[in-house]
Amino acid sequence: MCITRYATTAALAVVMAAFPTPVAVPAASAETVDVISPSARAVVLRDAPRRLSVAYVHRGRRHTLDDFLARTKTSGFVVLDGQDVVAERYTGAGRTTRFQSWSVAKSFTSAAVGIALGEGRIRSLDDPVDAYLPELARSGYAGVSIRDLLRMSSGIAWDEATDVPRLHAAANRGLPLRKTAARQVRGWKPGSRFEYTSMNSFVLARLVAETTGVPYHRYVERKIWQPAGMESTAGIGDDSGGDGLGYCCYHATARDFARFGLLYLRGGRSGGRQVVPASWVEASTRPSPRNPSYGLHWWLGRGGDFMAAGLGGQYIYVSPQYGVVIVKSTIGAGRPDQQEALAAFRATAREVARTR
């Protein structure tokens with residue numbers, strides 16, 4: 001699993017403790033936030049703490065889980081064995097803290113696309129995205145398939161490291177990002193290579209809103225957040241003009257991020273109902289032709305594990321092999337070693353299975 005780039009901005013995290021409507025995110029990140037309500041029937045997560053002795057080797061050196069969490073400035077950490085919370089710790093935060101997701105949001109956007117496809121709102125992933133979003137008809141997105149957007153193979157001339165800060169700054173100023181999307185130009189043949197592009201995720205969020213007839217955040221609330229049994233109110237960043245960002249900025253508790261991982265661990269099912277089509281979960285976690293470590297807005301491991309990942313060390317890790325979900329959130333600077341994170345998560349999942 002090789003994670004190369006993330007949506008970036010000057011700040012690395014925002015903690016939100018309450019959500020009046022509308023919500024303005026504090027100084028670290030000035031996008032506005034749409035509020036979504038929790039489920040009336042939250043998935044119960046049982047406190048079942050267990051002593052986990054976790055060690056792993058990375059680049060020839062032995063590390064412990066405690067060392068890894070301290071070095072990476074982890075502020076929220078949750079480990080699920082099914083619905084049992086076997087490990088949970090916070091530093092400078094707590095169970096009710098809403099953590100900034102950064103690019104973890106992309107995997108939620110993928111789920112929303114999959115649900116809309118399953119409902120027939122989207123006819124086919126092979127349809128050109130401008131067939132649904134005519135404002136893109138004269139842009140570099142013209143003729144680009146929805147599938148190529150999901151695989152990060154859209155062909156847009158884009159540099160994640162420099163273009164995302166400008167994109168996010170535009171959202172912070174209240175500029176309509178749909179107009180920014182319509183100005184994107186073609187840089188290479190769609191589908192010919194992998195290029196991590198957060199603008200693709202914004203366009204997919206626009207696609208969800210346009211095809212379903214409801215705002216992106218409301219569709220996520222009705223089709224994912226509430227049916228999946230989320231316990232707490234959350235916020236989803238928008239561009240101040242009504243369009244959900246899609247590429248970042250879910251503000252939610254670590255336990256609710258874990259419930260999303262649990263949803264995917266269980267093949268898209270929650271509370272006896274199919275929330276995300278099982279076929280979509282499978283397709284999303286299947287390697288793309290141009291990057292075997294990437295599916296449809298999910299990062300993939302070599303042993304069937306997968307994860308949503310965001311700037312600075314935000315993760316939702318899912319291990320179908322061991323039946324474990326791990327959430328890690330951080331408030332701090334620095335670019336984490338993604339391969340070390342994966343090694344630490346895999347060792348933790350093995351230890352959870354060993355200690356059952």
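Student: Which backbone nitrogen lies 3.1 Å from a polar atom of the side chain of Gln100?

Tutor: In this predicted model, that atom is the backbone nitrogen of Trp102. A polar contact requires N or O atoms within 3.5 Å, and the distance here is 3.1 Å, so the pair is within the cut-off.

Student: What lies 3.4 Å from a polar atom of the Gln100 side chain?

Tutor: The backbone nitrogen of Cys249 lies at that distance.

Student: Why is Gln100 called buried?

Tutor: Gln100, which lies in strand β8 (residues 99-100), has a relative accessibility of 2%. Buried means under 20%, so Gln100 counts as buried.

Student: What makes β3 and β13 the edge strands of the open sheet?

Tutor: The sheet has seven strands in the order β3-β7-β6-β16-β15-β14-β13, with mixed pairing. Strands β3 (46-47) and β13 (299-300) each pair on one side only.

Student: How do you know that β14 and β15 pair?

Tutor: Pairing requires at least two bridges, and β14 (residues 306-310) and β15 (residues 314-319) share five, in the antiparallel sense; therefore they count as paired. Met307 stands opposite Tyr317 in β15.

Student: Which helix packs on the sheet, touching β14 and β15 among others?

Tutor: Helix α8 (residues 254-265) does, and its direction makes about 145° with that of β16 (324-330).

Student: Where is confidence lowest and where is it highest in the protein chain?

Tutor: Strand β1 (residues 23-24) is lowest, at a mean pLDDT of 36, and helix α2 (residues 105-118) is highest, at 99. The chain averages 91, while residues 2-28 stay under 50.

Notes
Residues are numbered from 1 along each chain as its sequence is written. This is a predicted model: local features need pLDDT of at least 70, side-chain atom pairs count only at pLDDT 80 or more; totals for chains, interfaces and linings use all residues. Side-chain values use heavy atoms; hydrogens and water are left out. Helices (H or I, at least four residues) and strands (E, at least two) are DSSP runs, numbered from the N terminus. Contact means heavy atoms within 4.5 Å. Axes are lines fitted to C-alpha atoms, for helices over the stretch in contact, and angles run from 0 to 180 degrees between N-to-C directions. Buried means under 20% relative accessible area, exposed over 50%, partly exposed in between (1.4 Å probe, protein chains only). A polar contact is a pair of N or O atoms within 3.5 Å; within protein, one must be able to donate a hydrogen and the other to accept it, and residues adjacent in sequence count only if both atoms are side-chain atoms. pLDDT is the predictor's confidence in each residue, from 0 to 100.
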